[in-house]
Amino acid sequence: MKITRILAWRVDLPLREGSYKWSGGKSVSVFDSTVVAVETDAGLTGYGEVCPLGPFYLPAYAAGARAGMIELAPHLIGEDPTQLARLNRTMDAALQGHAYVKSAIDIACWDILGQAAGLPVCVLLGGRYGDNFGLYRAISQEAPEAMAARVAGYRAEGYRRFQLKVGGDPAVDVARIRAVAAELEPGDRLIADANTGWLMHDALRVVAAVRDIDVYIEQPCRTYEECLTVRRHCDHPFVLDECIDALEVLLRGHADRAMDVVNIKISKFGGLTKARQARDLCVALGVVMTIEDSWGGDIVTAAIAHLAHSTPSEFLFTTTDFNSYVTVSIAEGAPQRVNGRLAASPRPGLGIKPKMDVLGAPVVEVTG
Ligand code: MG
């Protein structure tokens, strides 16, 4: 099988709640997402998606995803999309870095492989564990009482894991953690995600001030070394996210006992092929995972669901259903939250079909 054409579309995904705010005053109200189609000479077409969380979160931005595809796609015409490891080597040889550019193409090729094999992607990624899996709900950064007031509504939607956006003023963040913790019921879990927003001294004050609370602390500071310093003075379960983007730093984190949980975002690693490598390494090392992406619509949510559903249940700390946060649906067949839980499609490939009327005209087209 050979790749004959690669197309990309830009699609805006407005937030259902109006805006999403996190550390350092960062916020987004409309996500700029990119959908990719990889067409083949076998008549199969695979779809992928990449959606950076704005240009100021990770080293990734939406227009860069599309510019990178124009650079990369000519090297992939004529390649076999079902030979995923080979294809990733070809992408890495043609374009250094830029993992997020490669992510949507890699996802689309997994969609093709699944269609060709007649198997859902989760089976190809290792197998399906259980009927479904639990989701977390991110709580956008607001005043402490406003964040606490969100919990009951989200629990009514079935969520039992609440990821609190902190990383602001340390005293207010302590109040946020305390206010939300007061709303928890048995079985709920609370994660305070600073998204790199604290300096070390502030992070140390926050973790000391909430020592009596059952809360996970996620990525308090910008760098791995800063986070490790906080970790060594913290007796809460500890999650690393933004600084974990490759196997090398995962191995280093394990050797340093730097984390109990890692956040595997598909586009941070460069697609399902590399995110799966990281997932399998974490299982081997005994590290549990949040499996997700930076953001996305129906196609990213489908890809997340396949990777999450193929992860042994006890290693899946939590995951997310981004398609429920936005007002625009871009594909039929995407997984939908039921009682706070999600399942990967049983259909071949990702199990989705893009809504071409929503996508409109492609903005990238590369042929042989
Ligand atoms: Mg995080």
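This is a predicted model: local features need pLDDT of at least 70, side-chain atom pairs count only at pLDDT 80 or more; totals for chains, interfaces and linings use all residues.
Mentor: Residues are numbered from 1 along each chain as its sequence is written, and side-chain values use heavy atoms, with hydrogens and water left out.

Trainee: What makes residues 123-353 a domain?

Mentor: The bounds come from an automatic or database domain assignment, which gives domain 1 as 3-119 + 355-367 and domain 2 as 123-353. Their centres, taken over C-alpha atoms, are 22 Å apart. The contact (heavy atoms within 4.5 Å) takes 43 residues from domain 1 and 52 residues from domain 2.

Trainee: Why is the pair E17 and R137 called a salt bridge?

Mentor: The rule asks for a side-chain nitrogen of Lys or Arg within 4 Å of a carboxyl oxygen of Asp or Glu; the closest N and O atoms of E17 and R137 are 3.4 Å apart, so the pair meets that rule. Across the interface of domain 1 and domain 2, the rule finds 3 salt bridges.

Trainee: How do you know what area is buried between domain 1 and domain 2?

Mentor: Buried area is the accessible area (1.4 Å probe) that two parts lose on being put together, summed over both. For domain 1 and domain 2 this comes to about 3900 Å², of which carbon and sulfur atoms give 62%.
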